[in-house]
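Please read them beside the sequence and the coordinates.

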Amino acid sequence: PEPPVQIALVKRELLERRLEHFVLSVSAMNKYINCPLAFYYEYILRVPEAKSDALAFGISIHYALEQFFRKMNADEQKSFPTKEEIVKDFRYAMKREEVSFTPLQYERRLEMGEAILHAYYDKYIATFNKVVLTEYNVNQVTINGVPAKGKLDKIEFIGRDCIVTDYKTGNPDKASRKELLGPSEAHPMGGDYWRQMVFYKLLLDSFPPAFGWRMIEGVFDFVEMNGQNEYVRFTVPIQEHDLVVVREQIKDVYNRIMKQEFDKGCNEESCRWCNFAKTYRLTQNTALEKEL
């Protein structure tokens, strides 16, 4: 087994202060489950890092879709903006993120984003639900004694029932279907996508302004087509057993974070934080410890 990583790289007072005010999100939870060391660097040390062009592109697409539904809600006739307006909002968001691209990447992503939004608009404009909330913040929630929060891309309503949608950019063919599945012998913690939607269900069930809403499922909506030029939406139904399992996962992860259990990495070749720790030999000398 790999030796534990020496993580005492921040003043104890700062560490305790950040843990004292820590509120669990599903992204933080998934990060900790997948690699406690990466969680430490990103959520405790908060090491600054530049946005990738893919992330900046995704942010711009999300912004355009958010404004699309916000403008519909603000319109007295509940009319959707035109295709030109959604592209205009996308270009505005891209301009804000321009520093994350090389000049060539920027032009290519602009062209790509406009094509994606045009096609997505044409596919769904006639069937979009108009009873929606976008970028909905859920704060000051307690789940199983754990402070929790989240931001939901879109909530659409059918009476009091609601469906939570999370937008995804990228080729859906490359998305791992196992991330949609609950715990199994091969993957005892379940997939990140599955956990995300169950977490959102628990958030809404515990959020006072949302009392009376009943989240019936979560949907991952890919705004790009797959290799067969088809749109893909992955649906995650929420079962009562899922809620029990994720409540316990939330409690366990939060308790381990509060105990400062950050010294075990995932040891995946692609993990930059595990590689960083190995490269700079940020490991404890276990032989020396035994002597002492």
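Leaving aside neighbours within four places in sequence, which residues is Ile250 in contact with?

1. Basis of the notes. This is a predicted model, in which local features need pLDDT of at least 70 and side-chain atom pairs count only at pLDDT 80 or more, while totals for chains, interfaces and linings use all residues. Residues are numbered from 1 along each chain as its sequence is written, and side-chain values use heavy atoms, with hydrogens and water left out.

2. Ile250 and the cores. With those sequence neighbours set aside, Ile250 is in contact (heavy atoms within 4.5 Å) with Leu24, Met29, Ile143, Val146, Phe199 and Leu202. A nonpolar core is taken as a set of buried Ala, Val, Leu, Ile, Met, Phe, Trp, Tyr and Cys residues joined through side-chain atoms within 4.5 Å, where buried means under 20% relative accessible area, exposed over 50% and partly exposed in between, with a 1.4 Å probe and protein chains only. Of the 59 residues in the largest such core, Leu24, Phe199, Tyr200, Leu204, Ile250, Ile257 and Phe262 touch the most other members. Helix 7 (residues 192-206) supplies the largest share of this core, nine residues; helices here are DSSP runs of H or I of at least four residues, numbered from the N terminus. A second, separate core has 26 residues, including Ala56, Phe57, Ile61 and Phe128.

3. Lys201. This lysine lies in helix 7, and at 10% relative accessibility Lys201 counts as buried. Not counting residues up to four places away in sequence, Lys201 touches Arg214, Met215, Ile238 and Leu243.

4. Helix 5. The buried residues of helix 5 are Lys83, Ile86, Val87, Asp89, Phe90, Ala93 and Met94. Seen down the helix axis, these buried residues fall within an arc of 160°, so they line one face of helix 5; the arc is that of the directions from the axis to the C-beta atoms. They pack against helix 4 (53-74) and helix 6 (103-124), whereas the face turned away from the buried side carries the exposed residues Glu84, Lys88 and Lys95.

5. Gln260 has a positive phi of about 60° although it is not a glycine, and its place is in the loop between helix 8 (240-258) and helix 9 (272-279). Asn267, which lies in the loop between helix 8 and helix 9, has a positive phi of about 60° although it is not a glycine. Gln260 counts as partly exposed at 25% relative accessibility, and Asn267 is partly exposed with a relative accessible area of 35%.

How values were computed: Helices (H or I, at least four residues) and strands (E, at least two) are DSSP runs, numbered from the N terminus.
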